[in-house]
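Please keep the model in view while reading.

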Amino acid sequence: MRSGLLVRIGREVAFLHDRVHEAAYSLVPPGARPDAHLAIGRLLLSRLPDRAIDERIFEVATQLNRGRDRITDPGEKALLRDLDVRAAEKARKTAAYSSARVYFNHAAALLPSNAWTAVYGEAFALELGLGECDYLVGDFATAEARLGALRDKARSEADRARIEVTRAHLYQLSGRFGDAWSAVRHALERFGITFPARDDEVATALDQEVARIRAELASRRVADLPELTAPDLRLVPALFIAGGVPAYNAWPQAWPLHWAKAVRFTLEHGRCVESCTFFALYASVLAARGEIKAACDLSDAALRLADQYDDPWTKLQVRSCDASQISHWRRHLASSIPPIAPFFAAAQERGDVVSAGIIAIITAWSWLDKGTPLDELRKVQDDYLASARESHNDVVAQTLRLMQQYVACLRGKTLAPASFDDDTFTERAFLETVSGARFLAGVSLHRILKEMAAFVYGRFDEALDAAEQKPAALGAAGSFLYEATHRFYAALTKAALYTQASEEQREAFARDLREEEQRHASWARHCPDNFRDRHALLSAEIARIERRDLDAERLYEAAIESARRSGFVQNEALGLERASCFYRARGFTLTADAYIREARAAYLRWGASGKVLAIDAAHPDIAETVAASPPAPVSGTFEARSEQLDLFSVVKASQTISSEFELEKLVGTLLGAVLEHCGARRACLALVRDGALRLMAEGVVAERQTTTHLLEAVPLDASALVPTSLVDEVTSTKKPVIIDDAASPGSRLEADPGAVERHARSVLCYPIVRGAELVGVLYLENDLASGVFTPERLTTLSLLASQVAISVENALALAAERKVRIVAQEAEARAAFLADAGATLAASLDYEETLPQVARMCVRSLADVCTIDVLEGAELRRYAVAHRDPSITPILRELERRYPLRSGSRRPPFEVLRTRAPLVVQDPSPEVIRRYTDDDEHARLVAELSLRSFCWWPLRARGEVLGVLALGSRQKEHYHEFAVGLAGELATRVAVAVDNARLYREAQHAIRLRDEFLSTASHELRTPLTSLQLVIEGLVRGARQMVPGASPAMLDVALRQTGRLTTLVGQLLDVSRIQGGKLRLELEDVELVSLGEQILERIRVQSAASGAPIRLHTRGPIWGHWDRSRVDQLLTNLLSNALVYGERRPVDLTLTCSDDRARIEVRDEGIGIPEDRLPHVFERFERATSTRNFGGLGLGLFIAREIVQAHGGAISVVSKVGRGSTFTVDLPLRSVAEEVAAGSQ
Amino acid sequence: MMAMSQATTPTDRLPVMLVDDDAAIREVVEALVQAEGYAVVTASDGSEALTQLHSGLRPGVILLDLRMPGMDGQTFREIQKAEPALATIPVVIVSGDRDGCRVAASLGTESLLKPFKLDDLLGIVRRFCDVSPHIA
């Protein structure tokens, strides 16, 4: 250390550099290294606390392993073995399987030679762990050999089952679903659970199981099932779980039966955590059987059951089951994707590559069916593909590749339409891989995608081919979304082929279509969001076939509209295209063209550029206006251009226009195109928004540069940018108006100030019309030349304008849809966040524990920094601080240390407490920050947090502000409506939780007080009873023995005790009267001083006994209208207290009087009352001192206060511990009620 | 104070100590137990009782109340047990608390719950304070 090669970091010493470390190591002779490692390892082991060993397990185990050969002591060997296993488990948990394997191997090498007899359990677990790691690192052969050998060594059925579970995973991972399934099936057989041998027996067996389960569930609730307790059956559920995926892929017919058997097993033997999954999957079986209501109910029951188990994995699994197989039967597709995402991540994290793979496929499919634009879809697929490859999950990776090829096919990137082959992929190789692995889901998906692609490209025969070849996996687990999609396309295909089909085929098609229509009708009833458009389109096609033209027209529209509303752009395109065919077949060419144009636009929006090209090829007349390859750009300024109409440039412009879906961009592009192609120097676009024309953008050519800028939808009337008279005319006639030279005398715009100012010469005002409706106006000006806007230009403009009209509408629809989607996503995120927060808050009544968790949740989604402060008395106490960026920890600490929360400060939390309203500060200037902070240094520290938006919410419950929730974000303007609303809802939940916890504490406190009171009361009542009883017994005994049994003094004692009892009972009665609101006063004129004297006289005995004199200070009689006996009681109580707690020092009673009030002051110099008890001394059952010391029920001051309040007076106390207390009572001379009565007379 | 016709001489008997803050109980118990021929020493709290024990008093039994201002019964018992010279003196908890029995058990003493019968009290006094003949 002296030479600087070692450095001290805190309490640790480290090498200056890795090089120094290496050099030092090389200085140790190789032969001595094992001993050195061993010594270091032993040192670590002996010095580190247990927890630290866990943290540094790899280091400790590695050091010891390197010196392993030198260990001879069996005890130390066992210890190291345990460390190695711990290191291996830790590595496995973090998916570091090769490290895990290394440590397991170390541990195995340390097993004693007789391990299989001496430490069987450990040896078995080790081998199993090794087998698992073997397969997870891809060494399948070793894994299989190891597990095969292990099976011979297993001692119990349960252990054998354990091996089968692992083997099933292994086979499954290497794509051998058949082997995986038979491993599980044979293991299940050992527990008496059997499956029929033949395919045709499966359906009957399933029907029977379903009927039995239905009957059982009719009388029992899932939640009421007992727990599975039989230890030898405990592994059966794991077998069912392990067999699920293999069954689906290897023997799909048996898959529903598999889960039905699992559910029956649960009903018969009790439930366990796996049962949640059984019910969830069985729900999907029911859904596939069309029992959607029952399926949804059972899935809900599974979700509830999962909540009863503290097993996040199962919860996720059940939720993902619901999301992948049930959710789309009741909710919009978009909402089924978010719940799966965490399941995928969790499956990856825990190394369950099988589940992760399946989820990847299902999720990718949901994205596909959701109408995700294809380029975006491709990115989603890429993500899943990357992780499938990472985990060597080849069949899943291949299947994801297949889905990518479908996308490529629609984009025209594959070798042929409806083929998925290209340089990188062949269908044949794909099918070989997945069939070889018996991954039937992959085969099914190939057929379905093929069918879909062929249909889209109008190759109905190929589509039918694919549909009819559907492999066995379809229908077995028919509750997956892709099954439904397959049915939809298959039906569409048959409908499309109907007219050209043979008589015989027609009959079969018609039957299938009717059946499918009914199935879709039921689906659409259960979930209109997902299925109404499909059902409408099928119905439309049936109506077309049946020549119910009017129905067909209506149904096509409904299908298009529904698809659009649900955001299913692909179905919208299909609907439009089918409608176009329908009209064309009936000879309505114009309508058909309009529909195909719309279909083209929809396909384009979807991103199916291959299909768009196909449409253009099939409809050259339409292609002429919208398609063709873009030519080289032409020069852009007016002066340089010929007057010739340049069709290509217009086509290019209109293409650019139609590729913009966002209104703002569209407007800019449009104006650019107009300026470029129409010879204008200035252009304005006005669009109809909310029923009136509003200026959206202005574009100007200056110095050969075209610039456009957006206007914030200014009402046209309020703007001088466009002559309103022209616009009015165009609006009413829907015809363009051209002025050749506005500057010439007598022109219509001679008097228009805007036009004059701009020296406008050529002017054109052009209506943009869609159907019969005006959607906007284009206004063009040229200030250089007159007569620029010729009829040729008008043609150009008309082409552009029609494109504009369509694009504007699309963009508006898209914007509306996005808005709806954003609102829906926000609502969903909000609900999920609040649900999580609610669950966290409800998990414990200890908010010291829950508030930090909530704060941490906030910094995951809502803020970069979150604090929660709760009021305690008048001070705010910080219960939680959380932040996202670890680098600001020191700043936050510094802030907390130097600027603790102090009431009365101008900091935002206190402002929120004062105003009781939320406070949002966005992007504050240094001055604003300074205003809310204590001093410049404080402001500087806050600024260092680099937060740009702040939001404070009062925590309000039952009208009280209990504290403040504070959020800070680094994003500018972060606390807009959504985030602030969410923060508010969160604040409400936090407040309710805090309030509940407090109420609970108060209730607990009240219960404790009551118990203490009962204890005290029994003590207090028994004490006088004791002496009374003894005296009487003494008398009885004396009487029997004819001797005096008690002296007169003792009889006095007895009398005093009855007096005490009377007082106690009286107090108890008073309390119950007060509680019943029945403390009645009998008012009369009372003279306070003489009453005081009488009381002093009466308690002189007591006063003498306690050794304290009572001194009366007064200046003469005080008359008041009071209840004599109650005032007596009040004074007596206060004086008795003063005597009891007065430490035998003098007590002063001062009676004074002002105009309308009498004042009673009782002062003692006794033990005093601790400050924290002061606010409570007048409460029921409270007493200032600890219960054990002094007699009394602790009701005196409570009754005193009630008496004072009944008289309309006030009582207060000032006290200091060790110095004494002063009680002050102010009594109105006449009670308020009386005054009111007197006043009214 | 009272005639002690059938009582044996006080020298045969150990005195009784009563520690209770309630003056009435002290007065009555003292009178009745004395009437049976036992000397009674009273104290109104634990520290008063300790003072008397430290001055050499060795009662046959200490009747101990729990709730007292000043030093309470529990504290007294703990100190008494800790002092070897006093630890062997039997203690009976005399309490009106509902959980008096439980406290007594935790302190390793018998208990007599208020209100008690005179005979029960005297039984305890006789058991602890009568010096048995064969020892005498």
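Axes are lines fitted to C-alpha atoms, for helices over the stretch in contact, and angles run from 0 to 180 degrees between N-to-C directions; contact means heavy atoms within 4.5 Å. Helices (H or I, at least four residues) and strands (E, at least two) are DSSP runs, numbered from the N terminus. The model is predicted, so that local features need pLDDT of at least 70 and side-chain atom pairs count only at pLDDT 80 or more, whereas totals for chains, interfaces and linings use all residues. Residues are numbered from 1 along each chain as its sequence is written, chains are lettered from A and ligands numbered from 1 in the order in which they are written, and side-chain values use heavy atoms, with hydrogens and water left out.

Chain A contains 49 helices and 20 strands. Of its 1241 residues, 52% are buried, that is, under 20% relative accessible area with a 1.4 Å probe, protein chains only. Among contacts in chain A between residues at least 6 apart in sequence, 65% connect residues at least 24 apart.

Five strands of chain A form an open sheet in the order E15-E17-E18-E20-E19, with mixed pairing; two strands pair if DSSP finds at least two bridges between them. Its edge strands are E15 (1110–1114) and E19 (1210–1216) of chain A, each pairing on one side only. From one strand to the next, the twist averages 15°. Strand E20 (residues 1220–1228) of chain A runs antiparallel to E19(A), and 7 bridges join the two. Helix H45 (residues 1088–1098) of chain A lies across E15, E17 (1147–1153) and E18 (1157–1163) of chain A, at about 170° to E15(A).

Aromatic contacts come next. Over all chains there are 28 aromatic pairs: rings of Phe, Tyr and Trp (its six-membered ring) pair if their centres lie within 6.5 Å, and planes under 30 degrees apart count as stacked, over 60 as edge-to-face and the rest as tilted. The pair A:Trp365 and A:Tyr482 is edge-to-face because the ring centres are 5.8 Å apart and the planes stand at 70°. Since A:Trp365 lies in helix H19 (residues 353–369) of chain A and A:Tyr482 in helix H25 (residues 481–497) of chain A, the pair ties together parts 117 residues apart in sequence. A:Trp365 counts as buried at 1% relative accessibility, and A:Tyr482 counts as buried at 4%.

Key
Buried < 20%, exposed > 50% of the residue type's maximum accessible area, 1.4 Å probe, protein only.
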